[in-house]
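I opened the notebook to record what I looked up, one topic at a time.

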Amino acid sequence: MKLLIQGNNITVTEAIHDYVQEKLEKAVKHFQAITTKVDVHLSVAKNGRVQNKHKAEVTVYANGAVIRAQEGSENLYASIDLVSDKIARQLRKYKERRLEQKAYSPVKTGDVVQDQPVEGNLIGDRQPELPPEVVRMKYFAMPLMSIEEALEQLQLVDHDFYMFRNRNTNEINVIYIRNHGGYGVIQPRPTNDNGHEPN
């Protein structure tokens, strides 16, 4: 297993490196045959008012799948413990799903993601706003996949959404967790040169 540990606002000492390595080796012990690489990102928030300022993010690359977990606490070692336990659970779920897929036929797309209108005002009295600047860039491979495969990836990455290239259309889509339950898919609609929908 290839292990890469990076720190943000923290020096990754030999003691921290050894602790992370020991914890993650235990977490992926039963999944080493499918695990190719593990990326760990440790960070400490500089703002003293931030709760759970010691964060640990782990990304595991297994059989082409990306499994991700993050945890935060007031202590770096506690965050490492929490994220190690979480990634072990995620890997177990991933392996169980793979075994279930071999035993059962695939679910139809319409059964997984239903076309439902958005109900009411989802943001309440909050004002939508973007951060003043881009604070982080992420890059990842985007292989072709079905909506079912994207849903599986969404459940593994510990995020509210997952971007993927749709196997049927070759376009970039986003699958997301809806506030009122279930999942939604955002797909591009054709536009003309002015950026408007054609009549």
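Before anything else I noted how helices are set here, as DSSP runs of type H or I with at least four residues, numbered from the N terminus. I also wrote down that I am working with a predicted model.

In what order do the four strands of the open sheet lie? I read the order as β1-β2-β3-β4, with mixed pairing. The edge strands are β1 (2-8) and β4 (65-73), each of which pairs on one side only. Neighbouring strands of this sheet are turned by 15° against each other on average, with direction ignored. I reminded myself that strands of a sheet pair through backbone hydrogen bonds, either parallel or antiparallel. For β1 and strand β2 (residues 35-44) I noted the parallel sense, over seven bridges, and I found Asn-8 standing opposite Ser-43 in β2. Helix α1 (residues 14-27) packs on the sheet, where it touches β1, β2 and β3 (54-62), and its direction makes about 135° with that of β2.

**Entry on Thr-35.** I then followed the side chain of Thr-35 to the backbone oxygen of Phe-31, which it reaches at 2.8 Å. Leaving out residues up to four places away in sequence, I listed Met-1, Val-28, Val-60, Tyr-61 and Ala-62 as the residues that Thr-35 touches.

**Entry on rings.** I noted one aromatic pair in the structure. The rings of Tyr-19 and Tyr-77 have their centres 4.8 Å apart and their planes at 80°, so I recorded the pair as edge-to-face. Tyr-19 lies in helix α1 and Tyr-77 in helix α2 (residues 76-103), so the pair ties together parts that are 58 residues apart in sequence. Tyr-77 has a relative accessible area of 33% and is therefore partly exposed. Separately, I saw that the charged end of Lys-37 sits over the ring of Tyr-61, 5.2 Å from its centre.

Terms used. Residues are numbered from 1 along each chain as its sequence is written. This is a predicted model: local features need pLDDT of at least 70, side-chain atom pairs count only at pLDDT 80 or more; totals for chains, interfaces and linings use all residues. Side-chain values use heavy atoms; hydrogens and water are left out. Two strands pair if DSSP finds at least two bridges between them. Helices (H or I, at least four residues) and strands (E, at least two) are DSSP runs, numbered from the N terminus. Axes are lines fitted to C-alpha atoms, for helices over the stretch in contact, and angles run from 0 to 180 degrees between N-to-C directions. Contact means heavy atoms within 4.5 Å. Rings of Phe, Tyr and Trp (its six-membered ring) pair if their centres lie within 6.5 Å; planes under 30 degrees apart count as stacked, over 60 as edge-to-face and the rest as tilted. Buried means under 20% relative accessible area, exposed over 50%, partly exposed in between (1.4 Å probe, protein chains only). A charge sits over a ring if NZ of Lys or CZ of Arg is within 6 Å of the ring centre and within 35 degrees of the ring normal. A polar contact is a pair of N or O atoms within 3.5 Å; within protein, one must be able to donate a hydrogen and the other to accept it, and residues adjacent in sequence count only if both atoms are side-chain atoms.
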